[in-house]
Amino acid sequence: MNIDEATLKEIEELKQDCIVLSHNYQIPEIQDVADFIGDSLALCRAAQRVDKPYILFCGVDFMAESAAMLNPDKTVVMPDLEAHCPMAAQLPAKLVREAREEHPDAAVVLYINTRIEARAEADVICTSANAVNIVRAVPEKKVIFGPDANLAWHVQRHVREKKIIPIPERGHCITHLLFKPEHVERARREHPKAEVLIHPECTPEVQLLADHICSTEQMVKRAGESAAREFVIGTEVGLIYRLQKEFPAKRFYPLNERAVCRTMKMNTWEKFLLQLRERRNVVRIDPKVAERALRSLQRMLELSIRYQ
Ligand code: SF4
């Protein structure tokens with residue numbers, strides 16, 4: 001979609017006091033007018049560096065909650081407040097408390113794709129990029145890990161010396177479940193020179209067929225650094241737009257073009273424009289819960305520095 005000149009001018013004016021953050025999976029139009037594009041953590045860090053009172057966060061609930069938690073002096077708005085990530089919803093805080101009671105000697109490491117109430121129960125948070133290093137860094141030999149059982153499998157594969165206990169047992173991202181081994185086999189036939197990059201939210205069967213297991217930000221980095229000219233991308237299709245724009249001399253193929261996250265795509269262009277103008281969809285979080293959830297996030301930042 002081409003954005004007309006008058007709308008672009010209006011957006012620039014509205015952005016005088018508002019930073020627009022877009023997750024890698026957002027629609028191209030939103031990515032085109034965003035101030036920053038990235039994964040959930042990169043976006044929160046970006047928000048902390050910018051001195052504007054409003055943040056229009058184009059992503060899903062747990063990401064906007066992180067932004068609100070890290071920026072208590074700013075107003076965080078979403079295009080659609082109903083954009084609830086189905087995977088984050090699979091891990092209620094109660095389940096974390098029960099797992100801790102059952103395994104009192106285990107550390108609780110939760111993926112950032114978790115609702116804020118559950119994150120408040122964690123010892124430390126991780127992202128798909130640093131999950132392996134964070135689990136290695138905690139002193140406990142047992143680690144309760146949620147909500148993504150596929151990411152837990154990836155961590156266990158690399159951290160053999162510890163026992164990973166996934167909660168819930170089969171937590172998953174419905175979008176990444178759409179990737180099947182036959183998609184990789186077909187991609188290798190059709191694009192024999194391409195590198196196959198797979199997100200660790202995919203099933204173990206698919207991960208085992210990858211050239212590299214990467215978070216979305218690691219995929220962008222790999223595409224820039226690799227000598228390869230072609231890549232097959234095993235994550236939500238929205239990332240292809242960013243990759244093709246940043247590296248126009250290279251080619252990117254979706255591993256499965258039907259891997260579209262419906263929740264991410266609830267943020268339509270019309271809703272985006274409405275909230276940039278009206279800013280009514282304000283993200284509200286309990287300050288007491290936020291204080292506890294912030295501790296586990298800060299612990300991740302401290303531990304990540306050791307492994308840089
Ligand atoms: S891609 Fe998966 S983890 Fe990400 S928002 Fe959609 S359902 Fe949630």
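Colleague: From where are residues numbered, and which pLDDT do side-chain atom pairs need?
Modeller: Residues are numbered from 1 along each chain as its sequence is written. As this is a predicted model, local features need pLDDT of at least 70, totals for chains, interfaces and linings use all residues, and side-chain atom pairs count only at pLDDT 80 or more.

Colleague: How many residues of domain 3 are in contact with domain 2?
Modeller: The chain is divided into domain 1 (5-83 + 264-285), domain 2 (88-171) and domain 3 (176-254), with bounds from an automatic or database domain assignment. The C-alpha centres of domain 2 and domain 3 lie 26 Å apart. Two residues are in contact if their C-beta atoms, placed from the backbone, lie within 7 Å. On that criterion, 8 residues of domain 2 touch residues of domain 3 numbering 11.

Colleague: Which elements do the buried residues of α3 pack against?
Modeller: A residue is buried if 20 or more other C-beta atoms, placed from the backbone, lie within 10 Å of its own; helices (H or I, at least four residues) and strands (E, at least two) are DSSP runs, numbered from the N terminus. In helix α3 (residues 40-48), the buried residues are Ser40, Leu41, Leu43, Cys44 and Ala47. Seen down the axis of α3, they fall within an arc of 160°, taken from the directions from the helix axis to the C-beta atoms, so they line one face of the helix. Their packing partners are β1 (18-23), β2 (36-38), β3 (54-58) and α4 (61-70).

Colleague: Which residue of β11 is the bridge partner of Val196?
Modeller: Strand β9 (residues 195-198) and β11 are parallel and share 4 bridges. Glu195 has Phe231 as its bridge partner in β11. For Val196, the partner in β11 is Val232.

Colleague: Through which helix does the chain cross from β11 to β12?
Modeller: Strand β11 (residues 230-234) has 4 of its 5 residues buried. Its parallel pairing with β12 (residues 251-254) comprises 4 bridges, and Glu230 stands opposite Arg251 in β12. This β-α-β crossover is right-handed: with the strands pointing away from the viewer, the path from the first strand over the helix to the second runs clockwise. The helix crossed is α12 (residues 238-246).

Technical notes. Buried ≥ 20, exposed ≤ 12 C-beta atoms within 10 Å, placed from the backbone. Pairing = 2+ DSSP bridges.
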